[in-house]
Each structure stands twice: as structure tokens, then as C-alpha cells.
Amino acid sequence: TPLLCLQLLRDGNPPKGESSMYFAFTGPALYTDANKFRKIDFKDIEKGKAEHDKRANDGWIAMIQHYFTSAWVLAPGQPREFRTTKVAANQYAIAMVTNLGELAPGASKTVDATLYAGPQEEYKLAALAPGLDLVKDYGWFRILAQPLFWLLDKLHGVLGNWGWAIVSLVVLLKLAFYSLNASAYKSMAKMKAVQPEMVAIRER
């Protein structure tokens, strides 16, 4: 029976210009409703120890790099198999394979699949497939970064300019933490006032 193989291929090298201060995941990923989002390390593929769902009736595959991603999306309800392989030296692939069933001589069958290749625009990705927005790698700071990005996006929607949106976000954060900063400044001022007295006592 014919098979449809949707594959993404990449070398295992880190992106050029990657910051040593900030790590962003680079490599394949997949999603299923059963086990949700999973990133797969090139090293695990190299060792043949990549752990991920092998079969499902839903889900997608992706290749992530910094602020960009490519992904194959197949409509749910179509049984599929997920494969990760080392294709050649420093070349790794993730594939989604679906069985098209038997076809009579001269017959044809159409399967709708979507290829996305572009920036990790969270809302566009979320609209394309469940969980696809998770390719945007906030790392350990997701719990803080995601709400801040949401607020930044709302400010951009009002102001229409990313520069002013960032300035507005900084001002709002300053206002939010003003009382905390004010308390810290008062404590520092009290310590400075006490220090000369302590020096005077020691001199006596």
C-alpha cells in the first residue's frame, strides 16, 4: 500500500551567532494529544535512544531553530507513525508517515497536509494546530515570559509600534514594582543614616 512520508531534515550544528548567555533549543519536536509537546535531542537520535510517541491518530512534527520553525501538520483522524533517524553524518530527520490504504489501478487519493516555515509567531501557530505555539522556547522562564509577551502584544495592538510597546511595558513594570523598590530605598537610607553613628560610637 502507498505511504505518505512528511519529513524535516537538519544538521546537528548550533545556529550561527548563538548567544553563550542564553540557550534556545535547536532540533526536532513533535506533539500528540496523548503526551503533548516533546523536544528531541540530536544526541538521543545519534545514540538511537530518542523517546517519543511512535503512533497516534493526531499530532504534528517540527524542526526548531531560535526564532524560526518548520512544521508538517496533518489533519486529525488519520493514523500516523512518527520516526526519528540519523540520515548521514551529522544529518538528522524527523518524519510523520501515514498509510494511504489500498488504491485500485488508475485510482487516486488526496491527503491534505500543511507545511509551515517561518517565524515563531505564537498566535498564528496556535491557530494552525493544537500545541504548535509551544515551539516558541521560553525555557525555564515560560511562567514569567509568556504573560509578559501577552501584555506586550496587547500594548502593540493599542499603540501600533513595537518600540513604544516595549517602552510602555517597562513603565508598567516600574509602576508595578514601585512600592517594593520604595521600601528597599527607605531601608538603604536608614542604613546610611545609622552607619555614621556606629562609627562615632567606635571612635569613643
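**Helix capping, sheet order and overall composition**

N161 caps the N-terminal end of helix α4, with a side-chain oxygen placed 2.8 Å from the backbone nitrogen of G163. The model is predicted. Helix α4 itself covers residues 162-176, 15 residues in total. From the first C-alpha of α4 to the last, the span is 21 Å, close to the 21 Å expected at 1.5 Å a residue.

In the protein as a whole, the secondary structure amounts to five helices and nine strands. Read from the N terminus, the order of elements is β-β-β-α-β-β-β-β-β-β-α-α-α-α.

Four strands form an open sheet in the order β1-β8-β7-β4, and their pairing is antiparallel. Strands β1 (3-11) and β4 (55-56) each have a single partner strand and stand at the edges, so one side of each is left without a neighbour in the sheet. The antiparallel pairing of β1 with β8 (residues 91-99) runs over nine bridges. Within β8, N99 stands opposite L3.

Strand β7 comprises residues 80-88 and includes A88. The relative accessibility of A88 is 38%, so this residue counts as partly exposed. Although A88 and D11 are 77 residues apart along the chain, their C-alpha atoms are separated by 9.2 Å.

The protein has 204 residues, of which 31% count as buried. Among contacts between residues at least 6 apart in sequence, 60% join residues at least 24 apart.

Conventions
Residues numbered from 1 in each chain as written. Predicted model: local features only at pLDDT ≥ 70, side-chain atom pairs only at ≥ 80, totals over all residues. Heavy atoms only, no water. Pairing = 2+ DSSP bridges. Helix = DSSP H or I, 4+ residues; strand = E, 2+ residues; numbered from the N terminus. Expected span 1.5 Å × (residues − 1). Polar contact = N/O pair within 3.5 Å; in protein donor to acceptor, adjacent residues only side chain to side chain. Buried < 20%, exposed > 50% of the residue type's maximum accessible area, 1.4 Å probe, protein only. Contact = heavy atoms within 4.5 Å.
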